Every structure is written in C-alpha cells, then in structure tokens.
Amino acid sequence: MAHRAETRSVGRHRREQIRRHRAQPALLPLVTGERGRTALLTATLGTALATGVAGGTAAAAAEKKAPPAAEVVPTSSPVEAVVPAPTDSWTPPGGQASAAPRKLKTRVVVQAVQAPAAWVNPNPSGSVTSCFGHRWGRLHAGVDIAGPSGSPILATGAGVVVRAGEAQGYGLAVLIDHGNGYLTHYGHMSAIAVHAGQRVEAGEQIGDEGSTGHSTGPHLHFEVHQGSYKNPIEPVRWLHEHGVALDGC
C-alpha cells in the first residue's frame, strides 16, 4: 500500500511537470508574438521617454539656478577683467527710475585774441639804405627804407591825416598827426590811398612805395617831427622807443 501511494505521488508530480512544460509554450506567443513584441517595445519606449523627460527637466532646472560659467580665452598677454554693462535701467536711491537725460558739462574754449600793435614798421618789406643826419652839405631829416617798388606803405601808428598829395621834393607824401605830440611824414610814394582829415589805424595802408620827387630809386623817406612839422628828430631811435625794431642805423 505504501509503495502504491508513493508511486501515485511520483506520478502526480510527474504529470504536474509535464502539464507545466506543455503550458509554457502557450504563454510564449504572448511575449514573442507580434502583439507581444509591440506591447513590450511600447512599454520600453514609454519608460525611456519618461526617464529622458525627467532627466532633461532636472538638468534645465539645475542650469537655470547655476550662474553662467565665465568664458576662458587663452592668451599670452595679461588679460583685463571685463565687467558686462547692466541691462536694467539705473534706479536712483528714491526708488523711481530717472527718465531725464544726463547733463554733460559744456567745455568752453576761450581763444586769446592778440591786441593789434600800437606802432608798426612803415615799410616792413624794406631795409634801411640811408640814416638820419647831415649828407651832401645838408640835413637828411629822415631814414630811407627801400623795398620792392609798389610795396605797401603803412601808417606807423593811429592818427589823423593832416596832408596828402604833392610835397615838392618829397613827391607824393602823407603827413599824419598821432595826437601825442608827434607827427610822421612819408615821402616819394608812387600812389596815395588816404586823404586829408581821414582817421587811420596803426598798420593801415596809406600808399605804395615809389620814387617820386627828388629820388634816385624806389624807397620810402620816413620822418618823425616833434611838436609840429619842420621839427624833425632821429626816427630810428623813436621807433625803438615805441617797440618797433629797425636795424641799419
């Protein structure tokens, strides 16, 4: 009896194994079949997609929180740190943004204006050819300054024209009263540009150099008279005393 019971138990165990072995191929099509493979692939892709989205979202959140990394540029020379300009508008301490433009300080440049000279060389393009003093038995009452014919003759200082025109041996001549006790006389000119009673300024052209009257060639005969006409004084010294350099005497 015991042997039969053992035999039946072994038989049942054997049949159970055979039943399980026969049932396993029936489940395989559920996995390896077309629908099974599709379901398995869909589940796998869904899991991967969910994992990727979750990972990307986490990475984006971490990148947003983290400060931007400084760009390193290799160079052989010293590098000066560059601070980017702020993009937000500046807000004054009061808390209200200022819309008024910045006021720039105006730079004022004052150019110095040189005052005109009070006294000038009457024939600046010429040079001295004869000085004040006795010559040929008579007084040479002025200084001769010769330059190119037609050179401009200038009023040596401001004053009023007393006479302008023919003056015997002086040819075409001009006499100017400077109002300070001195008069200047200009002779042998080829042309006259002023008239009696006219106000002239220092450096103003009064005529052209010439050789009219008793003259041996183009030049200016320049005289200085103190107090009144026909009272000549040494003109070169007088010019030096008034700040005008005239070499040659």
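**Exercise 1. Determine the strand order of the open three-strand sheet and state which strands stand at its edges.**

Solution. The open sheet has three strands in the order β5-β11-β9, with antiparallel pairing. Strands here are DSSP runs (E, at least two residues), helices are runs of H or I of at least four residues, and both are numbered from the N terminus. Two strands pair if DSSP finds at least two bridges between them. The edge positions belong to β5 (152-154) and β9 (191-192); each has a single partner strand, so one side of each is left without a neighbour in the sheet. Two bridges connect β9 with β11 (residues 205-208) in the antiparallel sense. Within this pairing, the bridge partner of Ala191 is Asp208 in β11.

The model is predicted: local features need pLDDT of at least 70 and side-chain atom pairs count only at pLDDT 80 or more, whereas totals for chains, interfaces and linings use all residues. Residues are numbered from 1 along each chain as its sequence is written, and side-chain values use heavy atoms, with hydrogens and water left out.

**Exercise 2. Describe the pairings of β6.**

Solution. β6 runs antiparallel to strand β10 (residues 199-200), joined by two bridges; here Val160 stands opposite Arg199. β6 is also joined to strand β7 (residues 172-177) by six bridges, again antiparallel, and Ala164 stands opposite Val174. The hairpin of β6 and β7 has five residues between the strands, and Gln168 takes a positive phi near 50 degrees in it.

**Exercise 3. Count the aromatic pairs and characterise two of them.**

Solution. Rings of Phe, Tyr and Trp (its six-membered ring) pair if their centres lie within 6.5 Å; planes under 30 degrees apart count as stacked, over 60 as edge-to-face and the rest as tilted. By this rule there are three aromatic pairs. One of them joins Trp119 and Trp238 in an edge-to-face arrangement, 5.2 Å centre to centre with 85 degrees between the planes. This pair links distant parts of the chain, 119 residues apart: Trp119 lies in the loop between α2 (34-65) and β1 (127-130), and Trp238 in helix α3 (residues 235-241). Trp119 is buried at a relative accessible area of 18%, and Trp238 is buried at 2%.

Another pair, Tyr186 with Phe222, is tilted, at 5.4 Å centre to centre and 55 degrees between the planes. It also links distant parts of the chain, 36 residues apart, with Tyr186 in strand β8 (residues 182-189) and Phe222 in strand β12 (residues 220-226). Both Tyr186 and Phe222 are buried. Finally, Trp119, Tyr182 and Trp238 form one aromatic cluster.

**Exercise 4. Locate the arginines that lie over aromatic rings.**

Solution. The criterion is that NZ of Lys or CZ of Arg is within 6 Å of the ring centre and within 35 degrees of the ring normal. Arg135 lies over the face of Trp136, 4.6 Å from the ring centre. The charged end of Arg163 sits over the ring of Tyr229, at 5.1 Å from its centre.

**Exercise 5. Place Asp247 in the chain and classify its accessibility.**

Solution. Asp247 is found in the segment after α3. Its relative accessibility is 65%, so Asp247 counts as exposed. The C-alpha atoms of Asp247 and Val236 are separated by 8.2 Å, the two residues being eleven apart along the chain.

Methods
Buried < 20%, exposed > 50% of the residue type's maximum accessible area, 1.4 Å probe, protein only.
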